[in-house]
Every structure is written in structure tokens, then in C-alpha cells.
Amino acid sequence: MNRLLKWLLPLVGTLAFGAPAFGALSVFACEPEWGALVNEIAGDRASVFVATTAMQNPHLVQARPSLIAHARLADLIIYSGAELEVGYLPVILQQSGNDKIQVGKPGNLDASKYVPLIEVPAVLDRSLGDVHPQGNPHIHYDPRNMIRVGEELKKRLAVIDPAGAPEYEARYNAFRDRMSVAIKQWEQEAAPLKGVAVIENHKEVSYLFHWLGMPVVGALEPKPGVEPTAAHLVELVENQKVHPAKLIVPTSNRDPKPSEWLSEQIKIPVAPVPLTIGGSPGAKDLFSLYDDAIKTLLAGLNS
Amino acid sequence: MFRPSAVAIAMTLALLAPLAARAQSKSELDDIRKQIRELKDDYERRIQALEKQLKNAEDAAAAAQGSAAKAEAAAQAARTEAEAVPPRQSAPNAFNPALSLILNGTYGNFSADPEQYTITGFQPPGATSPGVRGFSLGESELFVTANVDHLFMGAMNLALESDNTVSVEEAYFQTLALGHGLTLKGGRFFSSIGYQNSIHAHAWDFVDTSLVQRAFLGNNYGDDGIQLNWVAPLPVFVEVGGALGAGTTLVGNFVEGQPAPNPRNKNGAGAGSAWLHVGDDVGVSNSYRVGVSYLNQGTGGNVFPLDLDTVGGVASTFTNAQVQLYGADLVWKWAPNGNYQYQNLKLVAEWFQIRRTGDLTLDPTGAATTGGFKQRQSGWYVQGAYQFDPYWRLGLRYDELQQGTMDGGINAANIIPVDYTPRRYSAMIDWNPSEFSRIRFQYNQDLSQQNLTDRQFFVQYIFSLGTHGAHKF
């Protein structure tokens, strides 16, 4: 019955009103954090479809038919950008037949354009791994970026849905204030983490480390996008003598085995953080995401 | 530090011992005891002082190390802040299109002569080819694509063949701004019929294409024309499309390894096609797309050979015909939690039926007879590629072609029906150290030809340079 309704309702809606029978706005978010941001700013004025989960490698997403269907319905698409979605998003945009979300339209929000990017490579060569020319695209782990992107999102929503502009403005202001207070709190809580050297998995948590002042002294991946190898893990064991790390921080979408092995060898704890919302039982929205990550790191440090 | 002090005490005590032995009176003994105590206290004070000095020095060293680390962290923060400034490109080539080059080569080992390859009942010897013996450069592909403006995007794909010829595989524009789920494409492009047909060779899961694709469509059936596609406004993927084309080659017929030319010299379209695709996710781990498609072409007065067995081995030609192709396809992908990094499975199955209706001429030395002719042939395959490790995939494929039905009309008596089902079994394993490289090993047991088992072994490399391409589902 539900499946039938899933088909029939929009069909009837389309025929009757020429628009899908969902919320006033239909938003396509490539990653869960952007879906959560839309929920913060747009509330009930938008229904959000999220293309990926915290358990997936965001670089290896397939151009699934369901993504084309939802992109077809979308009034706005929001994504990390900096080529994170380069493997599927161009196909989705082209096949959707939806002019509202094409590059250059208000309905196409590339979040990376509104935040300062870190780790911009000086040299572009694929022998260095799957490097992103514009910089590290995993911008979501710095909560200050959520305020920056939220501000742009508020403006875009107001252009697409002028009737909701006052509401977007009010919700954005409230979000910004709550987030600013939370950021101050997190910075205090995370004070003991400052200067704590870590070993990461992929560069998916770089923005968090950058924000909290935690130096990264090694990565499980020998090169971005290249799986950990035995030889490289042995190098990390050696490196621990020269540049000692205090924590290994993998993400929810990665194989836990290399970090567990390394943890046993160099006797430092593993503190696995959610890649994004949904990557741990605690990470339910933007606020609990950073909360969960910082608590996990602190717990790791004190263990 | 402590150790020398302890030695000093011990030595002092040792020196004092004979002194004590010589002392007789109680007062003397008390004096000596007092002196010893004083000495001991003195040394202990000095030891404590030295220990304190040592601790201070250690603290200072630690503090220095700490501030060095702080300085380094500050420097790194400064560096990252500096990096944070987005690069401003003012180069005149900033608008250059995205370029991507595919390098591809194979080593092939065939137990039967590939130049004499036939698919019994479907393609005569030499019409199509399963590959080349020994080392050979495959097709190098050059892709160029960019947005033309706010309304159109453009793309071209050149195939640089190993025999030093260049062919324009695709060169098309596509609309960006029609909206309402509509996309119009024009130029030369691979037809959207079936599943595998529109996939470029470098993205195939096997070295070679399926037998049914080889027998009916070749590596990729493309045409010059226009195509309109509509995605329905539904939360489930439903896509309907159609294309009109020149029909420059005839499906199901090949000559010397190439699709048989079908020139028309007439206004209007020489080929029409249509398709319907439906797809969705099943949970978070599974996704699928199913499709049906149709293609219709006319030969006009052009004459084509058919691979018919005739009495006396006389030649057969086919003209004034309609050739229709019906297809059904399924692609199913699975990855645990939808995470394609560590494990995933891709299953593809396709079925095609070709229906020929036209005039058949048999020419036994000067006594040509022409009559109505109808034929239905079909074929299918199922293949799976399982990525069991981030770098390795294992693939299996089964191909089969069916002779179907034939109505030879007045020539029926002179046609000997073929009773053979061409088949092929394939297994491949490939290593993908990154998204840009692939080394593949494949074995085929090819039973395309009656009374012949061709054992084929391939080693192939596929490298991708330049822009990171996006692939369709």
C-alpha cells in the first residue's frame, strides 16, 4: 500500500498541480550534513532527500537511478563540491533534465565555494593519489563552515521561495546563534585536545583537526584514495618513534582493521569518529555530530 | 648524579671506620658520631640540591620542547590559513574543456584463427572479430567535454584506432535548460537501447562485449540524429526516450569487422528507436535499473548478405527490408551499506531479438529467385562482476544466441536451417590499484562456431589520464 502511495501521490499531485505533492520545496543533499543544514534553515518548508550515508565512501557513489529521479524533482541541490562528487554528480545533473539545479543556477549550491579550503595541493599529479585540485572537500567537519554555508543557503532559499524568506532569515539567525554558542563550548571542552597529535585514515576529518589545533602526524592511507598497505603501516610504526601520535582517528565508513592493528603495535587508543551524521548512534544532527566527535576524542585521550 | 654522592658517603664512612675503631672514650665516640651525622647531613643536603637542579633543568627542557611544538602548530595554522585563500586563476586556458585520454592495449591468445571467426548462423567469417593474436594496441579514446553556455553542453569522443585511423565515436550537444525532465541531444552518439550499448569500451566489465551485442550491434551502435529523453516527476526513476537517426549502418550486419553501411540519400530519418527505463534503490545496499527498448531501420534498395546455409552454397542477399530490434535489460548493483569501496557486486543481464522482414534473393548461377523472407533471431547474456577487495574484481559471464525462426518463402527449399546454439563462457579477474588504472586477465571458452572450441586468453591494460570521468549507473 505504501509503495503504491509512493507512486500515486506524486503522480496525482503532478497532474493536479503541475508540481510534486511534497513540501513546498524539494531539496537534494549529496551528503547527510547538508541535509541536516537544510532542515535547520528551512524547517518544514523543505523536504530533503539525502543521496549518501555516513557508512559510504563519498568518492565512490554510483549514479543510481534513484538519484536521477530525486534530482529531477529537486528545487535545490546542495553538495560539498571541490570534486568530491565528481564521479556521479555530473551524470545526475545531465540526466535529470532539471534546469533548476544546473551549475550556475540558484538551485545549485556548491558549499566548497563559500568556505576557506585547506590542504590545497601545490602540485597536481595523480602519482600523489586522488588529490582534489581545489583543496580538501570534506569541509563539513569544521562547524564554523556550517554558519558560512548556512548563510548562503538562506539566501538561495529566499531566491527560490521568496514567500519563505522571513522564515529562512529567522531560522538562519537562530541557527547561527546556537551554533556560535555551541562552538565556544566545544572549543572549551576540546582545550585538552589542542596539540594532541593524531593519525587519521583518509583526510575526511582534517577540518576538525584544523579547527581544534590537532596536528596530524600520519595517515593510514599511504596516499589519498589508496588503501592502507602492510608496508605503509610498518612505516607508521617507525614514524611513531620520531613523531609520536596519541590517537588513531578513523571514520565510520572505513575498514576498522588497519587502525586496530596499528593501535596494538604502537599502544595508542583508536577513537573512531562518525564520518558525518548517522555515522554513530550519537550523531543525529549537526550539533550532536561535533559533540559526539569531540567527546570521542576526549574519551580516547583519557583512556 | 645520585650515584657519585652515594659512593662519596660510602667512602667517607669507610675512611672514618678505622678512626672509630681507634677511639676509646665515650665522648670521643659521641664526637665521631656527631661528625659522621654532620657529614651525612651535609651530603644529603648537597644531593638534594643537585637533584633539584637536575629537575629544574629537565623542566626547562620540557618547556622548550613544548613551546617548539606550539610554534610548529602556530606555523602550521598560519600555513593552512594561507592555503585557505582560494586560488584565483586568470589563465586564458581556464575555460578549456575537460579532457580525458584512455590508453588501452591487449595481449590475445586464440586457439582458433580470429581472422576466420564466425558466429554460426549469425555472422559470416571475417564479418566481426573477437580480437587480435599477440600484442595489440586497443582503441585509445579521447574525451573532450564542457558546457557550451547556460543552455547547452557539448562532448566529443574520438577513437584512435591501432591501425592509425581516427573515428568520431560520439560528438554531440545536449540541452541543460529545457527543464520538466526533458533533455534533447543531437549529433552523433551511442544509442540508448539496451544497457551495454552506450558504455564505452574502457568501462566494460570484460575485455570484449557480449556475443549478442557483437552479433547485432557491434561494440557500440551509434548513429547521427537527435534524441529526446524525459524523466517522470516521480520518486522512482522512470525514464522514457526516443531517437531519430540517419540509420547509417544496419544492425545485425557486419562487413570486414565494421558495421555494414546502409546509405539512404533521402530526406527524413532512416532509423527510429525508443526505450523505457525504471529503477530504484532496494534498501540502502541494493539498486537496480530495468529497461525495454526498440529500434527500427529500413534497408531501402541496399543489398546485404545474410549468413544462410544454402543448397549448393549459393550466395544470398537481402533487400527492401525492415529490421527491428527488441531488447530487455537489467542491471543490479549491491554493496554492503551502499559503500562501494570494499565489496560490491554488479549483475547485468540483457536479451535482444532481431526481426528481419524483406526480400531474399538466392542466385544459383543465373537463375535468381526473389521472395519474401522473415527471420527472428535472439540472444542473451548474464554477467556478474564481484569486487571482493578494494583492488580486485572477479567476473563471470555466460552468452547464448538462438537461431529462432525463419520463413524462407519460395526460397525455403534451398535454405538449410542451422541447428546450432552459439555459446561462450568467460571468466575474468582485474586489478584496480586506483580509479584510473586497471589490469585485466580473461579467459573465454568461445563456442560461437559450430564444431569448434576457441580458447581465448587476454591480458589487458586500461589507463585513464586527465579529468576524473563520471560514469552512468
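Biologist: How many residues of chain B are in contact with chain A in this predicted model, and what makes a pair count as a contact?

Modeller: 50 residues of chain B are in contact with 53 residues of chain A. A pair counts because the C-beta atoms, placed from the backbone, lie within 7 Å.

Biologist: Which elements make up the side of chain B that touches chain A?

Modeller: Those giving two or more residues are helix 2 (26-84), strand 6 (182-190), strand 7 (222-231), strand 11 (271-282) and strand 12 (286-298) of chain B. Helix 2 of chain B provides the largest share, 7 residues. By residue class, the side of chain B that touches chain A holds 25 nonpolar, 18 polar and 7 charged residues.

Biologist: What is chain B itself built from?

Modeller: Chain B has 3 helices and 22 strands. Of its 473 residues, 33% count as buried. Among contacts in chain B between residues at least 6 apart in sequence, 62% join residues at least 24 apart.

Biologist: Why is Asn164(B) called exposed?

Modeller: Asn164(B) has 7 C-beta neighbours inside 10 Å. The cut-off for exposed is 12 or fewer, so Asn164(B) counts as exposed. Asn164(B) sits in the loop between strand 4 (152-160) and strand 5 (166-175) of chain B. Its phi is near 65°, a positive value in a residue other than glycine. Most residues other than glycine have a negative phi.

Biologist: Why is Asn337(B) called partly exposed?

Modeller: Asn337(B) has 16 C-beta neighbours inside 10 Å. Exposed requires 12 or fewer and buried requires 20 or more, so with 16 Asn337(B) counts as partly exposed. Its place is the loop between strand 15 (316-334) and strand 16 (344-362) of chain B. Phi of Asn337(B) is also positive, near 60°.

Biologist: How do you know that the span of helix 5 of chain A agrees with its number of residues?

Modeller: At 1.5 Å a residue, its 18 residues should span 26 Å. The end C-alpha atoms of helix 5 are 25 Å apart, which agrees. Buried residues of helix 5 of chain A include Met146(A), Val149(A), Leu153(A) and Leu157(A).

Biologist: What makes strand 6 (216-219) and strand 7 (247-249) of chain A edge strands?

Modeller: The open sheet of 3 strands has the order 6-5-7 in chain A, with parallel pairing. Strand 6 and strand 7 of chain A each have a single partner strand, so one side of each is left without a neighbour in the sheet. The twist averages 30° from one strand to the next.

Biologist: Why do strand 5 (residues 198-200) and strand 7 of chain A count as paired?

Modeller: Pairing needs at least two bridges. Strand 5 and strand 7 of chain A have 3 bridges in the parallel sense, so they pair. Glu200(A) stands opposite Val249(A) in strand 7 of chain A.

Conventions:
Residues numbered from 1 in each chain as written. Chains lettered and ligands numbered in written order. Predicted model: local features only at pLDDT ≥ 70, side-chain atom pairs only at ≥ 80, totals over all residues. Contact = placed C-beta atoms within 7 Å. Helix = DSSP H or I, 4+ residues; strand = E, 2+ residues; numbered from the N terminus. Nonpolar A, V, L, I, M, F, W, Y, C, P; charged D, E, K, R; others polar. Axes fitted to C-alpha atoms, helices over the stretch in contact; angles between N-to-C directions. Expected span 1.5 Å × (residues − 1).
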